[in-house]
Structures are given as structure tokens and as C-alpha cells.
Amino acid sequence: MHLYYSSPRNDYCDWNQVVRCDGVTNRITIFNLLLADLNRLIPAAVFDLVFLEELYFHETNLTGGIPSAITKLSQLKYLDLSLNHLSGTIPTFLGHLKNLVSIDLSYNRFTGSIPTYIQIIIIIFFIKDLNNPYDLISWDPTTDCCTWSSVDCDDKTNRITRFDTSAANFGLPIPAAIGDLKYLESLAFHKVNVTGQIPESITKLTNLKSLDLQWNSLTGPVPSFLSKLKKLTYIGLSFNSFSGTIPASLSQLPNLGGLGLDRNKLTGSIPESFADFRQQDFYLYLSHNQLTGNIPARLGHANFTWIDVSRNRLEGDISFLFGKNKSLNTADFSRNMFQFDFSKVEFSESLRNLDLNHNRITGRLPEGLAKMGDLISLNVSYNRLCGKIP
């Protein structure tokens, strides 16, 4: 043991490298032993230091398991047992240490599942990263996190599966710690003024199905790493300040049924790979950006139910997006530079709303429009159409 600097002849509160005491009570509050070769179980005597707030046995060659006597350290806030040879399961009784805000058990030989109380420690870091916002005031680490607002848990496992906060004003980046809630299926920061870029730690959420980051102050590119989240069915990034091009890799999400990228600062063209979206009732929102070029003809093989690409700088022919066999319900192509002959375009019976205003469309209104009894709205104003209204 490397304790030559801690002589029993001296006041133990002077053992500065191992022990620290409270300045008023002289109670030991920190025990910090690093890089020693104990080669034994965790010493039982340390659990009699009931006023400890910080306990560190970092790389000290400890063996065996974590004894239940550690629960006597009710004031403990920081526990570091990393880089040892501890084994067995991570004990659930650590959850009785209600003041714990940090625990490091990495680089050991633990087996089994991760206890649910670890979620609370992750959440505590998460709150601190957001400067303890008032909107999350119900998040009391001494209570069951499954009872907190904005949180839902699985009924059987008690794992956090949903985090959903809205209408707040955080004014800070999304904490990287969110990636440690690996059982999340739904994540929403909706209109809470989170800033910066989407953290790559989000790729650890391999069970995520819904991602709602709308109405915030997020910047940077739409990250291509979102394509790693293969269970995603919905991505909502609308009303932010994302820039750059749309990553073609998003089409690699086999379960995606909805993509909202409208009201950003995106440039470039619509990826041809978006023709690979195959989910029924797919909806695509790309309006109010700075997209340019033609809509790829391959997208005519896709089957969009809702599509909105209005208020961009798109051009060319889009007649291939219509047809009797399509499932298109609502489409907004307004305020672009599309140019094609409208006369022979055919529509599916499912079409309810169509907006083509402020383009360069020529020809006349198709005769088939008169037979569409379920059509709710049609706007073809400010184009180059002629002829009679059918």
C-alpha cells in the first residue's frame, strides 16, 4: 500500500492525499486512495466513516463484491471504484444511498443487468447540465423517477422509456447524458430553447422510435448519425436553424414514417435516396428552406401521403408525383419555380388538399378535377394557366 505519507503519528486530517476532514467538526468527509495494490476486499472499516461524502478506491486492485455495509455511508455523494477487479452483480442496495450524484464502477468484472437507480443518477447530471431548471422542479432524486413529470417508465422493468418536455426556456445545449438513458423510446425537447448541435451521444439510444426537437435554437448540420437509430419512426427537427444539406443517409431508416425539416436554413437538393422510404402514410415536410434543383424523378416511385416543399427554390417537372394509383392526401408545392404542363395530370381519389400557387405551371386545369368530390382545397393562383374551368 502506498500510504507512506500517512503516518499514524500525525493527525489523520493532515493526511492530505488520502483523507480530508470537515473544517468545523473534524469528521472525515473524503477518503481518496489511488493507485495502490491492496489485492483484497474493500476494507470493512471504511464503512464506519459514516460522515463520508466522497469515497475513491481508483485502481487499487480491489477484489470481491461491494458489501451491503456501504449503505451505512448515508451522506455519500461521490463513489469511485473504477479500474479494479470487483465482480458479481451491481448491487441494488446502492440505490439506498439517496445523496449519490456520481458513481463510477467502470473497468471491473461486474455481470448482470444495470439497476434502475442508475437512471436517477444519470437524470441528476442531466438536470445539472440544464442548470436545475424550474420546469423540472418535480425531479426529486429522493423519489421514484417514474413519478416525475415528463417521464414515463416501462410497467415491468421501471426503465425510463419516455422523456418529453415542452414550453420551457433552457437556453443550453442538449446534455450528452441523455444518451445514457438507453431504454428511451420517445424523446422530446419541444419548444424549450435548447441550443447548439444535436449531441452524438444520442446514437446510444438504440431503442428510440420518436425524436421531437421542434421549435428550438438548434444549429449546425442535420447529423447523418441519426441514420444509426434504426427503430426511428418519426424525426421532427422543424423550426430550428439547421444549415447545410439534407443527409441522404436518413433514407436508411427502415421504419421512418415521418420527417419534419421545415423552417430551417437547409440548402442543396432533395436526396434521390428519399425514394427509398417505404412506410405507408409517409409524410415529408421540407418547406421554408433554401432548397434548390429538381425534385428527383425517382421520388415518383415513392408513395407520399403528405408532402410540403413550399417556399424553396425548387424547379422543374413534378407531374410524376401525381397519379391515380398514388395515396397522396395533402401536397403543398407553392412558391417555388416548378414548370410543367398541368393539362394531363391525373389525381388519386385520396387527394384532399393541393397548393401549387406562385410557380410557372402552364396548360389548363385537368378535366378530372371536376370529378373529385372529396377535394377540399385547390390553389393554382399565380401561374401561367389558361382555358376554361372544368
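Strands β4 (residues 63–64) and β6 (residues 85–89) run parallel and pair over two bridges. Pairing here takes at least two DSSP bridges between two strands, and strands themselves are DSSP runs of E, at least two residues long, numbered from the N terminus. Keep in mind that this is a predicted model: local features need pLDDT of at least 70, side-chain atom pairs count only at pLDDT 80 or more, and totals for chains, interfaces and linings use all residues. Residues are numbered from 1 along each chain as its sequence is written, and side-chain values use heavy atoms, with hydrogens and water left out.

**Around β6**

- Thr63 sits opposite His85 in β6.
- β6 also pairs with strand β8 (residues 109–111), again in the parallel sense, this time through three bridges.
- Ser87 has Arg109 as its bridge partner in β8.

**The eleven-stranded sheet**

- Eleven strands make up an open sheet with mixed pairing, and the order is β9-β10-β11-β13-β15-β17-β19-β21-β23-β25-β27.
- At the edges are β9 (151–153) and β27 (377–379), each of which pairs on one side only.
- From one strand to the next, the twist averages 10 degrees, taking axes as lines fitted to C-alpha atoms and angles from 0 to 180 degrees between N-to-C directions.

**β11 and its two partners**

- On one side, strand β10 (residues 160–166) is joined to β11 (residues 186–190) by five bridges, and the two run parallel.
- Ser166 stands opposite His190 of β11 in that pairing.
- β11 is also linked to strand β13 (residues 210–212), in parallel, by three bridges.
- Looking across to β13, Ser186 has Ser210 as its bridge partner, while Ala188 faces Asp212.

**Nonpolar cores**

- A nonpolar core is a set of buried Ala, Val, Leu, Ile, Met, Phe, Trp, Tyr and Cys residues joined through side-chain atoms within 4.5 Å, where buried means under 20% relative accessible area with a 1.4 Å probe, protein chains only.
- The largest one has 72 residues, and Leu187, Phe333 and Phe342 touch the most other members.

**Who touches Phe342?**

- Leaving out residues up to four places away in sequence, Phe342 touches Phe347, Leu354, Leu356, Ile361, Thr362, Arg364, Leu365, Pro366, Leu369, Val380 and Leu385.
- Contact here means heavy atoms within 4.5 Å.

Key:
Helix = DSSP H or I, 4+ residues; strand = E, 2+ residues; numbered from the N terminus. Buried < 20%, exposed > 50% of the residue type's maximum accessible area, 1.4 Å probe, protein only.
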